Amino acid sequence: MASAPEEQFSSQLFDAPQLPARNQVVQVQRLGLVEYVPTWQLQEALMDATLAIKSQNRLAETTGAAPVPTPNHLLLCEHPHTYTLGKSGKPEHLLLDEAALLAHEASFHRINRGGDITYHGPGQLVGYPIIDLDNFRPDIHWYLRTLEEAVIRTLADYGLNAGRIVGLTGVWLDWEVGAPNPRKICALGVKCSRWVTLHGFALNVNPDLTYFGHIVPCGITDKAVTSLAQELGGGAAVSVTEVQERLLPHLLELLGAQPAASNTY
């Protein structure tokens, strides 16, 4: 069970009144298994388009013209074996050279999110919200905790008690203070420009966990990485699609959002 401070923290965070919202509709794209770089380029294009609208709206304020609502997007996907290094990451946390990357059919990319190195691969649910927080709540702390909470509630649907470790972004098993074996099941890394978000979360559903052995995940050396399938045990077959459709309503509810009419679930 959560400690009293954790319960108080969660209550204060998610029960606080929302700021007045503008466009709370989210366009959801279920992309399946897609290469990393084109997906990153799609994120950048969606962010640039939203930022352009925000710039136009600022000019409109001087003329009295009606502002144009900014869009919100959510990309849900898997990637082939990929390692990404954030702006503050250390290259030495990748333990493979170019030949070894090729042998493992993996790619490596330096990207513009925060955080250190992480792994993406088949069996991992990756979510990229490209949303304008001005439509919801312009608060990056709230946003990160919202992503975590959506994952925590999804894992609870499978009977797992997941939570947060103070000072470490992400979602963990055995997360309580003093627990003997904390294990990371979901990593987060985001960028935010003028309240428009980029990058997101990676939830381990049933990936090949040996690929995490080729990095120092998120720069953390003293804690393990796990997956939903491993935690359920018994050869449990859990599909990424199933977890995706369980997580989506949790995330939309916590954001205070709704899917576009064409994005029913």
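Predicted model: local features only at pLDDT ≥ 70, side-chain atom pairs only at ≥ 80, totals over all residues.
Cysteine 77 first. Cysteine 77 is buried, at a relative accessible area of 2%. Cysteine 192 is partly exposed, at 32%.

Two stretches need care. Residues 1-9 stay under 50 in pLDDT. The model still gives them ten contacts beyond four places in sequence. Residues 16-21 are also below 50. That stretch has twelve contacts beyond near neighbours in sequence.

Next, threonine 84. Threonine 84 sits in strand β3, residues 82-85. Is threonine 84 buried or exposed? Buried, because its relative accessible area is 0%, and the cut-off for buried is under 20%. Its side chain makes a polar contact with the side chain of arginine 113, at 2.9 Å. Leaving aside residues up to four places away in sequence, threonine 84 touches Tyr36, His109, Ile111, Arg113, Asp116, Ile117, Thr118 and His120.

One of those is aspartate 116, my last stop. Aspartate 116 lies in the loop between β4 (107-110) and β5 (117-120). Aspartate 116 is buried, yet has no salt bridge. Which side chain of opposite charge is nearest? Lysine 90, 6.5 Å away. A salt bridge would need the charged atoms within 4 Å. What aspartate 116 does have is a polar contact of 3.0 Å, side chain to side chain, with histidine 93.

Definitions and conventions: Residues numbered from 1 in each chain as written. Heavy atoms only, no water. Helix = DSSP H or I, 4+ residues; strand = E, 2+ residues; numbered from the N terminus. Buried < 20%, exposed > 50% of the residue type's maximum accessible area, 1.4 Å probe, protein only. Lys, Arg positive; Asp, Glu negative; His and termini not counted. Polar contact = N/O pair within 3.5 Å; in protein donor to acceptor, adjacent residues only side chain to side chain. pLDDT = per-residue confidence, 0-100. Contact = heavy atoms within 4.5 Å.
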